[in-house]
Amino acid sequence: MRNWLLPEYIADILPATARQVESAKAAMLEQFRCAGYELVLPPLIEYVDSLIAEGDTALDLKTFKLDDQLSGHQLGLRADITPQVARIDAHLLGHRTGVTRLCYAGSVVHTRPNGLMSSRQPMQVGAELYGYAGIEADIEIIELMLSTLDQVKVPQLRLDVGHTAIFRGLATAAGLSPQATRELFAVLQNKDAASIAEQVAGLAEPYRSAFLALPELYGPASVLEKARTRLPSLPEVELALMQLTAIARAFEGRVAISFDLSELRGTHYHTGLIFAAYAPGWAVELARGGRYDNVGRRFGRARPATGFSLDLRDLIQILPERGSAMGVRVANRHLPAAQGEVERLRAAGEVVIIDYLGESAEAIGCNRELIPAADGWQIVPFN
Amino acid sequence: MTLTIALSKGRIFEETLPLLAAAGIVPAEDPESSRKLIIETNHADVRLVIVRASDVPTYVQYGAADLGIAGRDVLIEHGGDGLYQPLDLNIAKCKMMVAVENGFDYQNAVRQGARLKIATKYPKIAREHFAAKGVHVDIIKLYGSMELAPLVGLADAIVDLVSTGGTLRANNLVAVEHIIDISSRLVVNQAALKLKYDRIQPVLDAFASAVPA
């Protein structure tokens, strides 16, 4: 095996890009800070039991596992930061009874890439809001997601919104077994009309028709009206459609928006409104999120929760070029005499590079040079 | 906003032509006679890309094509994750079947707890089918001429697509079990359906209205 080879879907981020990524991350965290989101830094590894909720097989398969020599328990490399933040809210900050806003930025690791274009080590950046069930919290999180993407100038953003309570409400009302619910969830996710028809063939009306209608209920806000006529008026369905209508009103004219009532985001922890941002040039969504009320119950405290996350690596291709500031060259022979001046310049934010080899301006990345002057040091052009 | 449709040559292409026509799309060339892989159409913003049938889901999943037409067999083997499959086009119909050499006692060979050697191009479908019957199988993945495997002692049975049964008969094989019905599905890239809704939805509706019974 060639020892320089990296595993598939694992990549280095090289100099110019690494700087772009770090400053984009800093700008995002600053934006979160100004919106009142406190930064947390959960660990890379923790017990599998706390990382993965029981029954979340998708996350379980995605998580690398290793044995802890100290405790003998199984550890997981985090594949998602959201459950960690939920644990923090539920347990460590359990004395807070009001609204808690938390944000984070860090690498996660996946056993398999999410998609063919994804890295197995995404850089997850996200924000979560705990303790308020009202639709205003969902709107706040969606606004934060959109402005985060706006900040890195994602062109022609499209917001796509769905609601998992519609499917869950219908599945419960139709009396589907957990097994049947899972199978229907999987095919609905792919709008696999033929398989849906096979699976719901034996169901009673109005549920059979409702499940057949779901994969067709996507598109502009007018689908919400269509949904009212095609879905039975269960309380869950009514509430979900009301919330979706509120979202349509809130974002009308601000961003291109569409709705998709069979979108379930593949995760089993979402309980209500879900959303994602798409843009031309990306074959998958750029950012995604939604409501996951009571996810903290397994840590001892059930709370309303909503949040979003994105993978910074997805954005690398469009992150603004940061005009790499040209530096000041100082020939090695001027040191240590010039040390004081070099430190003063560096403290002022200048890039000062010691030239050992006598390199060209381009090779060393400098357009100026520090040379002795009559009364100390001076900077002159270097080329 | 261009629209790229991934298709494979042969039967799927032939049977897709009427559907394309219903959407007002006419290819500028016939892929059977042209060696081009990108085929323009009568619409400047619609093009067809000609790929191997088993590669269609990959092209669409990557977003290299917005739409594609792929057999259910291909989609099951691929996994279909990240793709919408909104329409069964009811074309390129055939059956996925188990076949054995004439005279082989299949019923006795597949009793629960038995172990069989299966040659197939469709390992996922084969594994799932026999697992559901409680039978262990060793899968031998082949890329063609499946019918040969039982005749030369490479496998006990094959799992393969059967449309007329002609090839089976010519090689002294018999189909002994029906696994699933196969037809071609329209697949759509998930992001494309959201981003190009106005362009894709009319094509989808036109296809739906022209699906053969």
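User: How many aromatic pairs does the structure hold over all chains?

Analyst: Keep in mind that this is a predicted model. A pair of aromatic rings is described by the distance of the centres and the angle of the planes. Over all chains, the structure holds six aromatic pairs. Take Phe32(A) and Phe308(A): their centres are 6.0 Å apart and their planes make an angle of 85°, so with the cut-off for edge-to-face at over 60 degrees, they count as edge-to-face.

User: Which parts of chain A does the pair of Phe32(A) and Phe308(A) tie together?

Analyst: Phe32(A) belongs to helix α1 (residues 15-34) and Phe308(A) to strand β12 (residues 305-311), so the pair ties together parts of chain A that are 276 residues apart in sequence. Both Phe32(A) and Phe308(A) are buried.

User: Okay, and which pair joins two chains?

Analyst: Look at Tyr218(A) and Tyr197(B), an edge-to-face pair with 5.9 Å from centre to centre and 90° between the planes. Tyr218(A) is in strand β8 (residues 218-219) of chain A, while Tyr197(B) is in helix α9 (residues 197-210) of chain B, so this pair joins two chains. Are these two buried or exposed? Tyr218(A) and Tyr197(B) are both buried. There's also a cluster to find: ring pairs link Tyr130(A), Tyr269(A) and Tyr292(A).

User: What sits over the ring of Tyr84(B)?

Analyst: That's the charged end of Lys191(A), 4.3 Å from the ring centre. In chain A, Arg101(A) lies over the face of Tyr37(A), 5.9 Å from the centre of the ring.

User: Now the nonpolar cores. How many residues does the largest one have?

Analyst: In soluble globular proteins, nonpolar side chains tend to be buried together. Here the largest nonpolar core has 74 residues, and those with the most contacts inside it include Leu159(A), Phe211(A) and Leu315(A). Helix α5 (residues 135-151) of chain A gives the most to this core, nine residues. At least three residues come from each of domain 1 (1-155 + 283-323) and domain 2 (158-278) of chain A.

User: What is Phe211(A) in contact with, leaving aside its neighbours within four places in sequence?

Analyst: Its contacts include Phe167(A), Leu170(A), Leu188(A) and Val200(A).

User: Last one: how far apart are the C-alpha centres of domain 1 and domain 3 of chain A?

Analyst: They lie 42 Å apart. Domain 3 of chain A is assigned to residues 327-381.

Key. Residues are numbered from 1 along each chain as its sequence is written. Chains are lettered from A and ligands numbered from 1 in the order in which they are written. This is a predicted model: local features need pLDDT of at least 70, side-chain atom pairs count only at pLDDT 80 or more; totals for chains, interfaces and linings use all residues. Side-chain values use heavy atoms; hydrogens and water are left out. Domain bounds come from an automatic or database domain assignment. Rings of Phe, Tyr and Trp (its six-membered ring) pair if their centres lie within 6.5 Å; planes under 30 degrees apart count as stacked, over 60 as edge-to-face and the rest as tilted. Helices (H or I, at least four residues) and strands (E, at least two) are DSSP runs, numbered from the N terminus. Buried means under 20% relative accessible area, exposed over 50%, partly exposed in between (1.4 Å probe, protein chains only). A charge sits over a ring if NZ of Lys or CZ of Arg is within 6 Å of the ring centre and within 35 degrees of the ring normal. A nonpolar core is a set of buried Ala, Val, Leu, Ile, Met, Phe, Trp, Tyr and Cys residues joined through side-chain atoms within 4.5 Å. Contact means heavy atoms within 4.5 Å.
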